[in-house]
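This report goes through one protein chain, from its overall build to single residues. Keep the structure open while reading.

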Amino acid sequence: MNFPLNIRRFHIVEDAKNNIVSFQPDLIITDIEMPNINGYELIEFIRKISNIPIIAVSGSSFGDNNTETVLHVASLVGANFTLTKNNIQNKLPELVTSIL
């Protein structure tokens, strides 16, 4: 990537929700498994207020659901793109460049 990025990282989902409206990012990257809320809920919240591109990332499985199933559900609730954590280093730079 040959352009500057303004990256904001949030450890608390409520902080992310509050800042998405005022910050108006060009892209959101979220994990699916987070403390106190899952990424599905965050994606659904974002979709109610914006069409910001969302990349959902996961390396987790929930119960009987493997990572691919978890990411498929993320796309169903509104994520535009999905990545497994084992592919993030190889694929994220190219994906971000193609989106921005």
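## Overall build

Take the contacts in the chain between residues at least 6 apart in sequence: 62% of them join residues at least 24 apart. The model is predicted.

The chain contains four helices and five strands. Starting at the N terminus, the order of elements is α-β-β-β-α-β-α-β-α. The radius of gyration is 13 Å, close to the 13 Å that the globule rule gives for 100 residues, so the chain is as compact as a globular protein of that length. The C-alpha trace spans about 40 × 30 × 20 Å along its principal axes. Of the 100 residues in the chain, 34% are buried.

## Packing of α1 and α2

Two packed helices are described by the angle between their axes and the distance between those axes. For α1 and α2 the angle is about 15°, and the axes are 11 Å apart. Angles under 35 degrees count as roughly parallel, so α1 is roughly parallel to α2. The crossing of α1 past α2 is right-handed.

On the α1 side, the contact involves Val13, Lys17, Ile20 and Val21. Their partners in α2 are Leu42, Phe45, Ile46 and Ile49. By class, this contact of α1 with α2 has seven nonpolar residues, one charged residue and no polar ones.

## Lys17 in α1

Lys17 sits in helix α1. Is this lysine buried or exposed? The relative accessible area of Lys17 is 17%. Buried means under 20%, so Lys17 is buried.

Which residues does Lys17 touch, leaving out those up to four places away in sequence? They are Ile37, Leu42 and Phe45.

Gln24 lies in the loop between α1 (13-23) and β1 (28-31). The phi angle of Gln24 is near 50°. That is a positive value in a residue other than glycine. Gln24 has a relative accessible area of 60% and is exposed.

## Packing of α2 and α3

Helix α2 covers residues 39-49, and helix α3 covers residues 67-77. Their axes come within 9 Å and cross at roughly 20°. With the limit for roughly parallel at under 35 degrees, α2 and α3 are therefore roughly parallel to each other. Here too the crossing is right-handed, with α2 passing α3.

From α2, the residues in this contact are Tyr40, Ile43, Glu44 and Arg47. They meet Val70, Val73, Ala74 and Val77 in α3. By class, the contact of α2 with α3 has six nonpolar residues, two charged residues and no polar ones.

## Ser58 in β4

Strand β4 spans residues 54-58, and Ser58 lies in this strand. How accessible is Ser58, and is it buried or exposed? Its relative accessibility is 0%, so Ser58 counts as buried.

Neighbours within four places in sequence are left aside here. The contacts of Ser58 are then Asp31, Ile32, Thr67, Val70, Leu71, Leu83, Thr84 and Lys85. One of these contacts, Val70, is also among the α3 residues that meet α2. Asp31, another contact of Ser58, falls at the end of β1, which runs 28-31.

Key: Residues are numbered from 1 along each chain as its sequence is written. This is a predicted model: local features need pLDDT of at least 70, side-chain atom pairs count only at pLDDT 80 or more; totals for chains, interfaces and linings use all residues. Side-chain values use heavy atoms; hydrogens and water are left out. Axes are lines fitted to C-alpha atoms, for helices over the stretch in contact, and angles run from 0 to 180 degrees between N-to-C directions. Helices (H or I, at least four residues) and strands (E, at least two) are DSSP runs, numbered from the N terminus. Angles under 35 degrees count as roughly parallel, over 145 as roughly antiparallel, 65 to 115 as roughly perpendicular and the rest as oblique. A crossing is left-handed if the near helix is turned anticlockwise from the far one by less than a right angle, and right-handed if clockwise. Contact means heavy atoms within 4.5 Å. Ala, Val, Leu, Ile, Met, Phe, Trp, Tyr, Cys and Pro count as nonpolar, Asp, Glu, Lys and Arg as charged, and the others, Gly among them, as polar. The radius of gyration is taken over C-alpha atoms; the globule rule is 2.2 Å times the number of residues to the power 0.38. Buried means under 20% relative accessible area, exposed over 50%, partly exposed in between (1.4 Å probe, protein chains only).
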